[in-house]
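The entries below follow the order in which I checked things.

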Amino acid sequence: PPRGPPGMPGGVPRGLPPGAQAKPPAASLAYTKQARNKDQSLAAAAGGVAVPAAQPANLPGAAGESLTPEVLAHMEPEQQKNALGERLFARIQETHPEYAAKITGMLLEMDVTETLNLLESPEVLRMKIDEALEVLKAHADPAP
């Protein structure tokens, strides 16, 4: 016989007659206008206005703003990696679009200050991209 959670032998909640099925909990839920993260289709179906999810407030280092050690110091580590990664990806994609994501990931393994140096020095970035391409090729081609 099927077993359910403790207190629900056979998977049937207590208090229901044998053979009866409980409603799924989602069927009895109703969203209010103040509900967060509700499905946009539910809001539209209920006659409400579907509003796009709020974007995070303008963070330091937003696109177009140059990244400096001072700007990065005011960011959480994850925000630092995201800001650096977005800028690295854009530059790498100009010359190596097929490997841009992989190379960006490889370069983001470096220290934040080293990664920032890559953005400030196109020559150093080109050298690191070449190194990353060599590593990718070495791992792609099986050794004879």
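I began with helix 3 and helix 5, whose axes come within 10 Å and cross at roughly 30° (axes are lines fitted to C-alpha atoms, for helices over the stretch in contact, and angles run from 0 to 180 degrees between N-to-C directions). The two helices are therefore roughly parallel to each other; angles under 35 degrees count as roughly parallel, over 145 as roughly antiparallel, 65 to 115 as roughly perpendicular and the rest as oblique. I noted that helix 3 passes helix 5 in a left-handed crossing (left-handed if the near helix is turned anticlockwise from the far one by less than a right angle, right-handed if clockwise). On the helix 3 side the contact uses Gln80, Leu84, Arg87, Leu88 and Arg91, and on the helix 5 side Val112, Thr115, Leu116, Leu118, Leu119 and Glu120; contact means heavy atoms within 4.5 Å. I sorted these residues into 6 nonpolar, 2 polar and 3 charged (Ala, Val, Leu, Ile, Met, Phe, Trp, Tyr, Cys and Pro count as nonpolar, Asp, Glu, Lys and Arg as charged, and the others, Gly among them, as polar).

The model is predicted: local features need pLDDT of at least 70 and side-chain atom pairs count only at pLDDT 80 or more, while totals for chains, interfaces and linings use all residues. Residues are numbered from 1 along each chain as its sequence is written, and side-chain values use heavy atoms, with hydrogens and water left out.

Next I checked helix 3 (residues 77-95) against helix 4 (residues 100-107), which pack at an angle of about 135° with their axes 9 Å apart. That makes helix 3 oblique to helix 4. Here the crossing is right-handed. Gly85, Leu88, Phe89, Ile92 and Gln93 of helix 3 meet Ala100, Ala101, Ile103, Thr104 and Leu107 of helix 4.

Then I looked up the largest nonpolar core, which has 22 residues (a core is a set of buried Ala, Val, Leu, Ile, Met, Phe, Trp, Tyr and Cys residues joined through side-chain atoms within 4.5 Å; buried means under 20% relative accessible area, exposed over 50%, partly exposed in between, with a 1.4 Å probe and protein chains only). Among the residues with the most contacts inside it are Leu84, Leu88 and Ile103. Helix 6 supplies the largest share, 5 residues.

Last, I listed the contacts of Ile103 beyond its neighbours within four places in sequence: Ile92, Ile129, Ala132, Leu133 and Leu136. The protein has 6 helices and 0 strands (DSSP runs numbered from the N terminus, helices being H or I of at least four residues and strands E of at least two).
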